[in-house]
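Hi,

Here is the structure I said I would pass on.

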Amino acid sequence: MKILITGATSGIGKQLALDYAAAGHTVIACGRNTDALAELEQVHPQHIAGQRLDVSDAASTKQALAVYQDVDVVILSAGVCEYLDVEQFEAAMFERVFEVNVFGMMRCVEALLPNLQAGSQLVFVGSTARLLPFTKAQAYGGSKAAIQYIARSLQVDLAKRGIHVQTVSPGFVKTPMTDANTFEMPMQVTVEFASQRIRKGIANKTTDITFPTLFGWVLKFLSRLPQSWQVALSKRLS
Ligand SMILES: NC(=O)c1ccc[n+]([C@@H]2O[C@H](COP(=O)([O-])OP(=O)(O)OC[C@H]3O[C@@H](n4cnc5c(N)ncnc54)[C@H](OP(=O)(O)O)[C@@H]3O)[C@@H](O)[C@H]2O)c1
């Protein structure tokens, strides 16, 4: 298979690139960090090709990605996380987070979609953070809730073209993104575990790949409670 991965220079995307390449697949690894891209190419010279990509730049994203033909699986993992201090409310922070997590993903879809064939898979990496109103997570959780809705709606419209749209909803995964967190992260998993669950979900065409399973079940159950209960619970957690 030919697999294009954004956010392949770090964390979940990097592990996916390494694991797919080790299994003999062709990987187009995308990101801004050219040193990290070169390192990936060195590990698997036959299987990984680096592609410099800044998804916040619309023109260069289109130019970089529109050339790729015959991609079987697109995994949009590039993302950023910032937490809001409500006393220093900053609208620009929402712009920064949505720029990468939502508009960046849409720019990738715009560039790649014309060349995607029937049978291909388009995978959006979201987050279980979308499920509850977590403290300080207004921008990050909001961006992931937006991408989940967009992906679900694309599942409807791209089915006509035979393109299978999937979402990934990870709990806490140990990566540079979560290494910056100062709070407790229950049921945190490794990137190897995350990669294994995502690859299995892609192989099985699972609509929403949620892991770890228990964490996902608990959050999905809580997200069905009345909104006032969810807010009360999150206040206690904060
Ligand atoms: N870690 C978790 O616990 C967790 C949980 C739920 C969901 N997620 C989601 O999983 C995805 C990967 O997260 P991670 O934990 O692996 O984070 P990470 O280690 O910080 O990696 C983030 C990746 O996004 C790329 N990126 C950021 N801004 C970019 C831009 N403007 N253009 C292109 N690429 C950009 C980075 O590459 P460059 O710097 O090279 O551009 C990097 O490869 C994200 O969408 C995140 O929201 C993570």
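**What I found**

Let's start with Trp217, which lies in helix H8 (residues 213-222); helices here are DSSP runs of H or I with at least four residues, strands are runs of E with at least two, and both are numbered from the N terminus. Before going on: this is a predicted model, where local features need pLDDT of at least 70, side-chain atom pairs count only at pLDDT 80 or more, and totals for chains, interfaces and linings use all residues. Residues are numbered from 1 along each chain as its sequence is written, and side-chain values use heavy atoms, with hydrogens and water left out.

Trp217 is exposed, at 62% relative accessible area (exposed is over 50%, buried under 20%, partly exposed in between, with a 1.4 Å probe and protein chains only). Together with Met187, Leu214 and Val218, Trp217 forms a nonpolar patch on the surface, with about 430 Å² of accessible area in total. Patch members have over 30% relative accessible area and no salt bridge (a Lys or Arg side-chain nitrogen within 4 Å of an Asp or Glu carboxyl oxygen), and nonpolar side chains (Val, Leu, Ile, Met, Phe, Trp, Tyr) are joined within 5 Å, like charges within 9 Å. The areas are Shrake-Rupley values with a 1.4 Å probe, and for residues only the protein chains shown count as cover.

Gln148, in helix H5 (residues 138-158), counts as buried because its relative accessibility is 8%. Beyond its neighbours within four places in sequence, Gln148 is in contact (heavy atoms within 4.5 Å) with Arg130, Thr167, Ser169 and Asp208.

Finally, Asp85 sits in the loop between strand S4 (73-76) and helix H4 (91-112), and is partly exposed at 38%.

Cheers
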